[in-house]
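I set down here, in order, what I looked up in the structure. Each entry records one place that I examined.

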Amino acid sequence: MTVKIILALIYLAVVFYLGYKGWRETRRASDYMLAGRQMNPFVMAMSYGATFISTSAIIGFGGAAALFGFPLLWLTFLNIFVGIFIAMVFFGKRTRRMGVALDAHTFPELLGQRFQSRFVQGFSGAVIFLFIPVYAAAVLIGISRMLEVGLGINYTVALLVFSAILALYVITGGLKAVMYTDAFQGTLMFVMMVLLVIFTYSALGGLTPAHKALTDLAPQMPANLKAGGMLGWTQGAEPFSPLWLVIYTTIIYGVGIGVLAQPQLAVRYMTVASDRELNRAVLFGGVFILTMTGVAFVVGALSNVVFFKNFGKIAVAVAGGNIDKIIPLYITKVMPDWFEVLFLLAMFAAAMSTLSSQFHVGGTSLGRDFYERGLASRGRNEITVNRVGVGVTIGVTLIWGLLLPPSIIALATAFFFGLCAASFLPAYFLGLYWKGMTRAGAITSMAGGFATSFFFLLFVHAKEAKAIGLCKAVFGVDSLAAGFAKGSGLWLLQFTDPNIIALPVSFILAVVVSWLSPRLDEGHLRLCWRNL
Amino acid sequence: MLGIASPELALAYLLCIAASVLCVIYGIVKWNDTGPLSEELRDLDQWASDEPAD
């Protein structure tokens, strides 16, 4: 216990030093919101990656990989190819250049300025501010539970202390403090995940023998998963079976594509001084993400072999059916003691780096986008307004953290990713690439995408609809799709990610309404495209 | 392949590594490709906004 506390104090000392450095260097509003547009490529890439990857990506999805196996590697592929390569090269560079041309300080401000609409900025800010505390609360709950188990701290105390530490450096130091601490936290995560994969493959005799052992374990696949369509951990699932739809639409399509419209990630493209930083960030980010979700999913799946060899049971059975416990149990029961302590710190780092960015983007969305621009309230110090915004976001997150059940973690993440993709992705993507995209097209796409995604989350997609319970209260069923003929396309909608429907709807609305509505002023379009 | 039963999932495994390698190669090839600096772009905007309208 003493070693744990000493290491935790050293870790916190470094975080506070970096937070202090960020505070000392923050003098202007652009420092607070965009880290002065002069961020180092390594810091930018690690901050992007560490924000992207939260504890739930490693613990939650790693546990899901123990259940579903290697199909989740498609998500890692999308995380790297879409989340890093496409994001930085095709979204990042244009975002930076257009952001400078339009003097945008936040993601909603970029959209608002591009479409010359206070509504677009205010609406985007409101969506982010209202929903990011739920997503942040999910991360906060996860890490507070780990603190409870790992250090024996009372859950509520853990929640309050963790929030206070984050509040101190995010409110004072803004994005510079967030990104500096992210880079340190990302480095710690990177080292621990590399050690984890080396240890696991070594323990199983190397790469191919380890995979072969997992292949041979297929007869141990639980009967309920077999009934849902699972064939084995390296065999995958029967195409178009319910579990195949869960894996391929929710996990891969929903989370894999949703990353492109995450405001807390997109704002980072505007923190660098040139394309060079983004080019270098592609290199760092590509390696970082492989070692995060790639390692978590491979080790999660292979944990079945290790557990079966040592305890005669597969992972989910060892964890008593709770998949969130699989990775922590693997670390505790299989890895050396020294590793357990450092891995716990790496998980703190993963949670803190994601939370700090969520608080910052929630705060600037409330302060800059909703209050200052959406409500046209001026005259106050810009940094102060945003600091108050961050403080309010942390307060709301804390309230959600105390109210929500732990089982909400995965749901809240999917909810936020889904809403962001359906609301922002078409307006953002077409706004960067298509001069014909109009203000009416953007507003209709954002409102329509948001409404469609929200409707499916509340009334159709069984996982969220059942947990929220509104569909049951109004219509007496868990999902409106459950009433259709079993096996039909409409029946399968209850297992299909809402964005399979909402994202195309949002794109179609953007294109059709833009064709039918008047183009934006040519002078404004020249300004938007001046640097591209 | 690689001890993985499904060719589709072996492909997923290899594509994860290939995507990372692509990122590394891209980063190395474009290591010093700055494009226009944000400060230059801001100066350009300032200059443009000082211009008289057409």
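Conventions. I work from a predicted model, in which local features need pLDDT of at least 70, side-chain atom pairs count only at pLDDT 80 or more, and totals for chains, interfaces and linings use all residues. Residues are numbered from 1 along each chain as its sequence is written, while chains are lettered from A and ligands numbered from 1 in the order in which they are written.

I take helices (H or I, at least four residues) and strands (E, at least two) as DSSP runs, numbered from the N terminus. Helix α7 of chain A covers residues 118–151, 34 residues in all. From its first C-alpha to its last it reaches 47 Å, close to the 50 Å expected at 1.5 Å a residue (1.5 Å times one less than the number of residues). I located a bend of about 30° at I132(A), with the proline P133(A) following within four residues. The bend is the angle between axes fitted to the seven residues ending at a residue and the seven starting there.

Helices α4 and α15. I examined how α4 (residues 55–68) and α15 (residues 326–334) of chain A pack: the angle is about 90° and the axes are 7 Å apart. Axes are lines fitted to C-alpha atoms, for helices over the stretch in contact, and angles run from 0 to 180 degrees between N-to-C directions. The two helices α4(A) and α15(A) are therefore roughly perpendicular (65 to 115 degrees). Contact residues (C-beta atoms, placed from the backbone, within 7 Å) include G62(A) and G63(A) of α4(A) and P328(A) of α15(A).

Residue A510. I found A510(A) in helix α23 (residues 499–516) of chain A. Why is A510(A) counted as buried? A510(A) is buried because 28 other C-beta atoms lie within 10 Å; the cut-off is 20 or more, with C-beta atoms placed from the backbone. Beyond its neighbours within four places in sequence, A510(A) contacts residues including P426(A), L430(A) and G441(A). G441(A) is 69 residues away in sequence, yet its C-alpha is 4.5 Å from that of A510(A).

Chains A and B. I note that chain B has two helices and zero strands, and that 24% of its 54 residues count as buried. The contact takes 41 residues from chain A and 34 residues from chain B. On the side of chain A that touches chain B, α5(A) gives the largest share, 13 residues.

Technical notes. Contact = placed C-beta atoms within 7 Å. Buried ≥ 20, exposed ≤ 12 C-beta atoms within 10 Å, placed from the backbone. Parallel < 35°, antiparallel > 145°, perpendicular 65-115°, else oblique.
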